[in-house]
Amino acid sequence: MESKEVTKEALLEVFPTEDVLHAWARGEEAEWPPMDDFDDDQDFERPRLRFEVGQRVACRVGPDPVTGWAPGRVIMLWYREPSWPANSWAPYKIELDDGRNIFAPGDVDQIIRAVDN
């Protein structure tokens, strides 16, 4: 598509709303683009994950391959931050036993693994 083919209506579909623009002008946070759970995107299918909400896991939180792990439990699947680019998701949000909340950027044993209960 060339710039001369872009219509005002097409721009308004992807441009922040007036409420969002006013919030930004006041220095307030406003979610943009809106978070989307892919309800309208029938073609998108997320991969199956290894862990479920409530399951105990160990997460890599430090550089040492032996001591750089912390225990916790999965509290959310398909986590995302409002500031992340559209369609960017982390497979898991985890609450560590020390109270910190972190996310696992991938569903691989080098990042997150099962632990015995």
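This is a predicted model: local features need pLDDT of at least 70, side-chain atom pairs count only at pLDDT 80 or more; totals for chains, interfaces and linings use all residues.

Student: Why is Phe-15 called partly exposed?

Tutor: The relative accessible area of Phe-15 is 44%, and since the label covers values between 20% and 50%, Phe-15 is partly exposed. Together with Leu-21 and Trp-24, Phe-15 forms a nonpolar patch on the surface, whose accessible area comes to about 280 Å².

Student: What makes the aromatic pair of Phe-51 and Tyr-92 tilted?

Tutor: A pair of aromatic rings is described by the distance of the centres and the angle of the planes. The structure holds 4 aromatic pairs. In the one formed by Phe-51 and Tyr-92, the rings are 5.6 Å apart centre to centre, with 55 degrees between the planes.

Student: Which parts does the pair of Phe-51 and Tyr-92 tie together?

Tutor: Phe-51 lies in the loop between helix 2 and strand 1 (56–60), whereas Tyr-92 lies in strand 3 (residues 90–96), so the pair links parts that are 41 residues apart in sequence.

Student: How do you know whether Phe-51 and Tyr-92 are buried or exposed?

Tutor: Buried means a relative accessible area under 20%; Phe-51 has 5% and Tyr-92 has 0%, so Phe-51 is buried and Tyr-92 is buried as well.

Student: What makes the pair of Trp-84 and Phe-103 edge-to-face?

Tutor: For Trp-84 and Phe-103 the centres are 5.0 Å apart and the planes stand at 70 degrees; because an angle over 60 degrees counts as edge-to-face, that is the name the pair receives. Trp-84 is in the loop between strand 2 (69–79) and strand 3, and Phe-103 is in strand 4 (residues 101–104), so parts 19 residues apart in sequence are tied together.

Student: Why does Trp-84 count as buried?

Tutor: Its relative accessibility is 19%, which falls under the cut-off of 20%, so Trp-84 counts as buried. Phe-103, with a relative accessible area of 37%, is partly exposed.

Student: How do you know that the charged end of Arg-113 sits over the ring of Trp-69?

Tutor: The distance from the ring centre is 3.7 Å, and the criterion asks for a distance within 6 Å together with a position within 35 degrees of the ring normal. The charged end of Arg-80 likewise sits over the ring of Trp-89, 5.5 Å from its centre.

Definitions and conventions
Residues are numbered from 1 along each chain as its sequence is written. Side-chain values use heavy atoms; hydrogens and water are left out. Patches are made of residues with over 30% relative accessible area and no salt bridge: like charges are joined within 9 Å, nonpolar side chains (Val, Leu, Ile, Met, Phe, Trp, Tyr) within 5 Å. Accessible areas come from the Shrake-Rupley method with a 1.4 Å probe; for residues, only the protein chains shown count as cover. A salt bridge is a side-chain nitrogen of Lys or Arg within 4 Å of a carboxyl oxygen of Asp or Glu. Buried means under 20% relative accessible area, exposed over 50%, partly exposed in between (1.4 Å probe, protein chains only). Rings of Phe, Tyr and Trp (its six-membered ring) pair if their centres lie within 6.5 Å; planes under 30 degrees apart count as stacked, over 60 as edge-to-face and the rest as tilted. Helices (H or I, at least four residues) and strands (E, at least two) are DSSP runs, numbered from the N terminus.
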